[in-house]
Amino acid sequence: MKTKPVLTLTDVNAILDAAQKEAEANDWKVTIAVADDGGHLLGLRRLDGAPAMTPDIAAQKARSSALGARETQVFEDMINGGRNAFLSAPMQGLLAGGVPVMVEGQMAGTVGISGVKPDQDVQIAKAGIAAVS
C-alpha cells in the first residue's frame, strides 16, 4: 500500500495566513482557496475588498490545478498559444493562479488565488505554500 502526504487543517490555516500576509503587504484584495489533491475545497478566505466573483474563480483555479496536477498557468499558456480545443476540457479555472502544493515529489493539495494580475496571484499562492514547505 502506498502512502501520500495530505494537508491537515493546521497546514491549510498556515497557507491561508501566509498568503493573506503576502497579499496585505502589497495591498492586494484577493480570495485565497486551498484544496486537496482531488480539488475539493479545504479552506477559503476572501479578503476585505476582494470582488464578489473572486471566491468562485480562486476555488476553480485550485480545483483545476489539482485535476491537472500542475500550475494553471500551463493551461492558460496552451490556450493563448492557439490550442483553443483545450477550452472544452472539463475544467473552469484555466487562468494563472492555481499552484500545486508538492511534498516529497507528490501533490498534497493546491492553492488558488484570484483578484490581481496573474503573476501576482501566483506570487501570493507560492508565499502561502512556502509556509508548509
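The largest nonpolar core in this predicted model has 21 residues, and those with the most contacts inside it are L7, V30, I32, V34, V111, I113 and I124. A nonpolar core here is a set of buried Ala, Val, Leu, Ile, Met, Phe, Trp, Tyr and Cys residues joined through side-chain atoms within 4.5 Å. Buried means under 20% relative accessible area, exposed over 50%, and partly exposed in between, using a 1.4 Å probe and protein chains only.

The largest share, 5 residues, is supplied by α1. Apart from this core lies another one of 6 residues, including I79, F86, A89 and M91. In soluble globular proteins, nonpolar side chains tend to be buried together.

A word on how to read the model: residues are numbered from 1 along each chain as its sequence is written, and side-chain values use heavy atoms, with hydrogens and water left out. As the model is predicted, local features need pLDDT of at least 70 and side-chain atom pairs count only at pLDDT 80 or more, while totals for chains, interfaces and linings use all residues.

Now let us look at two single residues. Contact means heavy atoms within 4.5 Å. Not counting residues up to four places away in sequence, I32 touches L16, A19, Q20, G43, L44, R45, L47, V111, G112 and I113. K61 sits in helix α2, residues 54-68. Is K61 buried or exposed? With a relative accessible area of 3%, K61 is buried. Leaving aside neighbours within four places in sequence, the contacts of K61 include T72, G93, L95, G112, I113 and D121.

Finally, the whole chain. The protein chain has 4 helices and 4 strands, in the order α-β-β-α-α-β-β-α from the N terminus on. Helices (H or I, at least four residues) and strands (E, at least two) are DSSP runs, numbered from the N terminus. Of the 133 residues in the protein chain, 45% are buried. Among contacts with a separation of 6 or more, 61% are between residues 24 or more positions apart. The C-alpha atoms fill a box of roughly 45 × 40 × 20 Å, taken along the principal axes.
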